Amino acid sequence: MKLEAKNVSFRYTEGGRLVLDHVDFTVEEGERVGVTAPSGFGKTTLLKILAGYEKPLEGEALLDGRPVSEYRGYCPVQMIGQHPELSVNPRRKLKTVLDEGDWSGDFGERQRIESGLGILDEWKERYPVEVSGGELQRFCIARALGTRTKILLADEITTMLDLVTQGQIWGFLLGETMRRGLGLVVVSHSRELLEKVCHRIVEVDRKQEKNDG
Amino acid sequence: MNIGITDRNTDIVDRNADIANRDADIVDKSKGVENDVLKVEHLSVSFTQYGRGLRRRTLHAVEDLNLSVRAGEIVAVAGSSGSGKSLLAHAVMGILPYNANMDGTVYYDGEILTKERAKRLRGREIVLVPQSVSYLDPLMKIGPQVTKGKNDAATREKSRRVLAGYGLSEDVEEKYPFQLSGGMIRRVLIATAVMETPKLVIADEPTPGLHPEAAKRVMGHFREIADTGAGVLLITHDLELALSAADRITVLYGGRTVGEAAAADFLCEEKLEHPYMKALCRSMPKNWNWDGYKLCDSGEILEYMRKEYGR
């Protein structure tokens, strides 16, 4: 599958600042692409548009030529955010986060991912506030790795975590994306991380966006 | 160098002659810490909380934490969230919340730092560069916040010089906090801290939200402050940034000190003693190496730490 942003522009409020200004971006299955830029340059916004969470003001986000937001049912493009505590329901136990993943009854697959991410059984009975940020993020990643996922968007997913957890999570994700031939878009401020994980790195800066777009 | 230290020691003993006569033990202790601007020994902070109904429980946030900061030195305290970093800063400043119980001893400049003494010294000799930009008054212009309302020519002159040193032009003084970028606000916070020529600067997470270049610039400013002879205690979750700026690193985990090492020791894993510090060193992206299964071998360190440190 091929996911692309074509000539995308976006602003959050009418008459507000243009966060994205005619941006093009492409990622294919099996390809790992890093995205880096100073804060406020619309990295998160670009991922949200690619995931179909936001509609661009101009241009379009296409998955195999069809707008991402038109896909019904399970979306093969899954996004993981920077703050895991904002992407889970605080009133539900953590096992429900895993239940939300796309497992199509394949319990073995689900178990393989859980243990690969180092998720312990005792955490599943807890509520989000009762585990650390690193433990919670592991649940969010497991949920996004359902069987029909083809392209994974990772938005600073380990920025708030300690180095040991960061190393373990990226080790697992790299192995998993290689094994399944997933596409991966990684947003990070760490150049070193991107160089170790990605095939190519896209640097977003306003001028370049304008010239290339 | 040695002679100088002995002289200063003698001086302290002289000043405290009456105390020394009363209790020889105290003199021994003060000799041991004289080199240090700040020394924290066996610090514990716990909270009393009320759970459901009338159940009361004590939460041990920091346990048996030790560290020291010498003059002219940047000491970084690195730990993930919940390791008790900010509480350390607040304990030294004497601004813990009312339901916190503190245990252990904090020495400042060789003498015990009591709550009263901290109150006298903070904002003058001991300054905090706070974590959040919301510590500035949103309704007050930058200029008066830096001069703390003083309007004499000397203070204004100094504030101008300090702000200019951080690349902040005169018109910044006439602006309100919301009109400045995150990086500028950080520099204003550091400027307010160095207005008083402090001996100890405590910086609590001074760089989140800044892109790497801006964060490095901020670290450079702390190095300048240390080079003027102040001790800097840098509290951060970002070990890699700490390594780029600090002389020594103290690693915290679950409110306890895991270990202390020179920043240079993190370049070579063998020099580190504790398995958690070794794992941190291996886990830095620059040391990653894909072997077909994993990027770095941190083994079962997190399970080990959960068992040993209880969280």
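Which residue is the bridge partner of Val77(A) in β7(A)? In this predicted model, the partner is Ile151(A). Strands and helices are DSSP runs numbered from the N terminus, a strand (E) having at least two residues and a helix (H or I) at least four. Two strands are said to pair if DSSP finds at least two bridges between them.

Because the model is predicted, local features need pLDDT of at least 70 and side-chain atom pairs count only at pLDDT 80 or more, while totals for chains, interfaces and linings use all residues; side-chain values use heavy atoms, with hydrogens and water left out. Residues are numbered from 1 along each chain as its sequence is written, and chains are lettered from A and ligands numbered from 1 in the order in which they are written.

The confidence of chain A comes next. Its average pLDDT, the predictor's confidence in each residue on a scale from 0 to 100, is 91, and 96% of the residues score at least 70. Over residues 207-213 of chain A, however, the pLDDT is below 50. That stretch has eleven contacts in the model beyond near neighbours in sequence, a contact being heavy atoms within 4.5 Å. Where pLDDT is low, the predicted coordinates should not be read in detail.

Strand β7 of chain A, residues 151-155, is largely enclosed by the rest of the structure, because five of its five residues are buried. Buried here means under 20% relative accessible area, exposed means over 50%, and partly exposed lies in between, with a 1.4 Å probe and protein chains only. In a regular strand the side chains alternate between the two faces of the sheet. In β7(A), Ile151(A), Leu153(A) and Asp155(A) point one way, whereas Leu152(A) and Ala154(A) point the other way, and all are buried.

β7(A) has parallel pairings with β6 and with β8 of chain A. Strand β6(A), residues 77-80, pairs with β7(A) over four bridges in the parallel sense. Strand β8(A), residues 183-187, pairs with β7(A) in the parallel sense over five bridges, and Leu184(A) in β8(A) stands opposite Leu152(A). From β7(A) the chain crosses through helix α6(A), residues 163-180, to β8(A), and this β-α-β crossover is right-handed. The term right-handed applies if, with the strands pointing away from the viewer, the path from the first strand over the helix to the second runs clockwise.

Chain A also contains an open sheet of four strands in the order β2-β1-β4-β5, with antiparallel pairing. Its edges are β2 (20-28) and β5 (66-67) of chain A; each has a single partner strand, so one side of each is left without a neighbour in the sheet. Within this sheet, β1(A), residues 2-10, and β4(A), residues 58-63, pair over five bridges. Lys6(A) stands opposite Glu60(A) in β4(A).

Chain B has twelve helices and ten strands, and 47% of its 311 residues count as buried. An open sheet of four strands in this chain has the order β2-β1-β4-β5, again with antiparallel pairing. β2(B) and β5(B), residues 111-112, are the edge strands, each pairing on one side only. Strand β1(B), residues 36-50, pairs with β2(B), residues 56-70, over eleven bridges, and Asp36(B) stands opposite Arg70(B). The hairpin of these strands has five residues between them, and Gly53(B) takes a positive phi near 65° there. β1(B) also pairs with β4(B), residues 100-108, over eight bridges. Along that pairing, Val40(B) stands opposite Val106(B), and the bridge partner of Ser46(B) is Asn101(B).

Helix α11 of chain B, residues 275-283, brings the two chains together in this account. Its buried residues are Tyr276(B), Met277(B), Ala279(B), Leu280(B), Cys281(B) and Ser283(B). They pack against α6 of chain A, together with α10 (239-245), β9 (248-253), β10 (256-262) and α12 (301-309) of chain B.

Cys281(B) is buried, with a relative accessible area of 3%, whereas Cys268(B) is partly exposed at 27%.
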